[in-house]
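Hi,

Here is the structure I promised to pass on. Have a look at it first, and then read my notes below.

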Amino acid sequence: MESRGVPPGPYRATKLWNEVTTSFRAGMPLRKHRQHFKKYGNCFTAGEAVDWLYDLLRNNSNFGPEVTRQQTIQLLRKFLKNHVIEDIKGRWGSENVDDNNQLFRFPATSPLKTLPRRHLELRKNNVENFSKDKDSIFKLRNLSRRTPKRHGLHLSQENGEKIKHEIINEDQENAIDNRELSQEDVEEVWRYVILIYLQTILGVPSLEEVINPKQVIPQYIMYNMANTSKHGVVILQNKSDDLPHWVLSAMKCLANWPRSNDMNNPTYVGFERDVFRTIADYFLDLPEPLLTFEYYELFVNILGLLQPHLERVAIDALQLCCLLLPPPNRRKLQLLMRMISRMSQNVDMPKLHDAMGMRSLMIHTFSRCVLCCAEEVDLDELLAGRLVSFLMDHHQEILQVPSYLQIAVEKHLDYLKKGHIENPGDGLFAPLPTYSYCKQISAQEFDEQKVSTSQAAIAELLENIIKNRSLPLKEKRKKLKQFQKEYPLIYQKRFPTMESEAALFGDKPTIKQPMLILRKPKFRSLRY
């Protein structure tokens, strides 16, 4: 079942919960079951629910194919706790659900959660108060008399260059004196530019529903951009905010395994598991997740970009959002992603869990210390797992410093200094990123394209076998015979007749002669 798509906005996790519960309630097959010599109608077993819900989550773009069966069972337990389901005797409120034949049914009450109106009004008041103190940076102010009325996001790159040349020419003529900029001006430009770029990348008319402007701290952005090592990792001036030495040593040990396992390290059985448990305990005991409680809504909204045709958009959006983090959090996130990415790709790493593979273990262990809500959210584990999986695959791009942002800020400061812009929040002259989106096709068209692409690849494989001159003739005949058995239609299309097949080996087609039919002689009677 495909995701119907939850639009960006506040409380997206609650909206996703409502979407999943609605889909589960509408699509889960119900039938009669017998238990303890008694029949029950319109119900399902826990195992059937796990199977159906597991398939739903893996095909939902908000969660992805890396959802595990154990995570599905955990979600089903939350369904029982929140009275989305109940057992056949009407009991609910506990989390006593396993992957077995226990019978459950849907209650008559609605399982949907209501959005907290009080928090919505509080967010609205915060934005209104901020607008009173200072013009909202989401509402682009008019530029000087030399710029068009439509500006900011609506200003094309071509028009921007034209205006830029006009300003430069006029500047040369009038010789405008440079203006001194305060530190507050510089910080406001950083805040303004990064939010405008983020709004453009996400393609939303406003960011007010996912982040409050006061949450953006320019000092963090400026520090994260300027203080990095040659590998792009944030360098902290205050070492007390850094990871403890013993945690860094443990992370280096596992990230560089087995090269770091020299003679100075212990080599007892289970050493790697103990080191991993030490690292996991440290991160799980942090007072808040690395992406902070404050930015929970922002990152959850970006999770809805995590689709194959929007991968580039998601990478660029996460790149900007991770610049908003406090420098110690960003450094911890960078080092953690580097470690778990290396460990999941290291074939020499000993097994750290009896039941889970390395990648699944990394996601399961560290997802909640990367992203979670201050208030309990039932989909936290699934949403965090989806994000951590994406970060593992793209952490090098996401956690690097975007050079275009620095250039845009410098240009903006230059215009502000020369007096072409009166306020830090006036129109953006640097070209904004543009994105082209793939055209959505139907499921039937997707299946047809998938089949045609697969057949083309298989046909190319057949041609490679045919044209391979280094392959012995006997081996080539054997491979072609095997190919004909596996893909008879593709083989027949390439060799429609026996002559075309024989021409490949330079043989003449063998034509079997019809068998002679001998007529039986007629026996005549000996009697005359």
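**What I found**

Let's start at Lys 15, which sits in helix α1 (residues 12-27); helices here are DSSP runs of H or I with at least four residues, strands are E runs of at least two, and both are numbered from the N terminus. Before going on: this is a predicted model, where local features need pLDDT of at least 70 and side-chain atom pairs count only at pLDDT 80 or more, while totals for chains, interfaces and linings use all residues. Residues are numbered from 1 along each chain as its sequence is written, and side-chain values use heavy atoms, with hydrogens and water left out.

Back to Lys 15: with a relative accessible area of 25%, Lys 15 is partly exposed (buried is under 20%, exposed over 50%, partly exposed in between, with a 1.4 Å probe and protein chains only).

How do α1 and helix α3 (residues 69-81) cross? Their axes come within 13 Å and cross at roughly 90 degrees (axes are lines fitted to C-alpha atoms, for helices over the stretch in contact, and angles run from 0 to 180 degrees between N-to-C directions). That makes α1 roughly perpendicular to α3 (65 to 115 degrees; under 35 would be roughly parallel, over 145 roughly antiparallel, and the rest oblique). Trp 17, Val 20, Thr 21 and Phe 24 of α1 meet Leu 75, Leu 76, Lys 78 and Phe 79 of α3, where contact means heavy atoms within 4.5 Å. By class, that gives six nonpolar residues, one polar and one charged (Ala, Val, Leu, Ile, Met, Phe, Trp, Tyr, Cys and Pro count as nonpolar, Asp, Glu, Lys and Arg as charged, and the others, Gly among them, as polar).

Phe 24 turns up again in the largest nonpolar core, which has 118 residues; Phe 24 and Phe 366 have the most contacts inside it. Such a core is a set of buried Ala, Val, Leu, Ile, Met, Phe, Trp, Tyr and Cys residues joined through side-chain atoms within 4.5 Å. Helix α6 (residues 183-202) supplies the largest share of this core, 12 residues. Leaving aside residues up to four places away in sequence, the residues that Phe 24 touches include Phe 44, Trp 52 and Phe 106.

Phe 366 takes us to another helix pair. Helix α12 (residues 327-345) and helix α13 (residues 358-370) pack at about 165 degrees, with their axes 9 Å apart, so α12 is roughly antiparallel to α13. Among the residues making this contact are Leu 336 and Ile 340 of α12, and Met 362 and Phe 366 of α13. The contact has 11 nonpolar residues, one polar and one charged. Gln 334 is also in α12, and is buried at 3% relative accessible area.

A few loop details are worth a look, too:

- The peptide bond from Trp 257 to Pro 258 is cis, with omega near 0 degrees; Pro 258 is in the loop between α8 (245-255) and α9 (271-284).
- Phe 37, in the loop between β1 (31-35) and β2 (38-45), has a positive phi, near 60 degrees, and is exposed at 82% relative accessibility.
- Thr 292, in the loop between α9 and α10 (296-303), has phi near 65 degrees but is buried at 5%.

Overall, the protein has 19 helices and four strands, and 45% of its 528 residues count as buried.

Cheers
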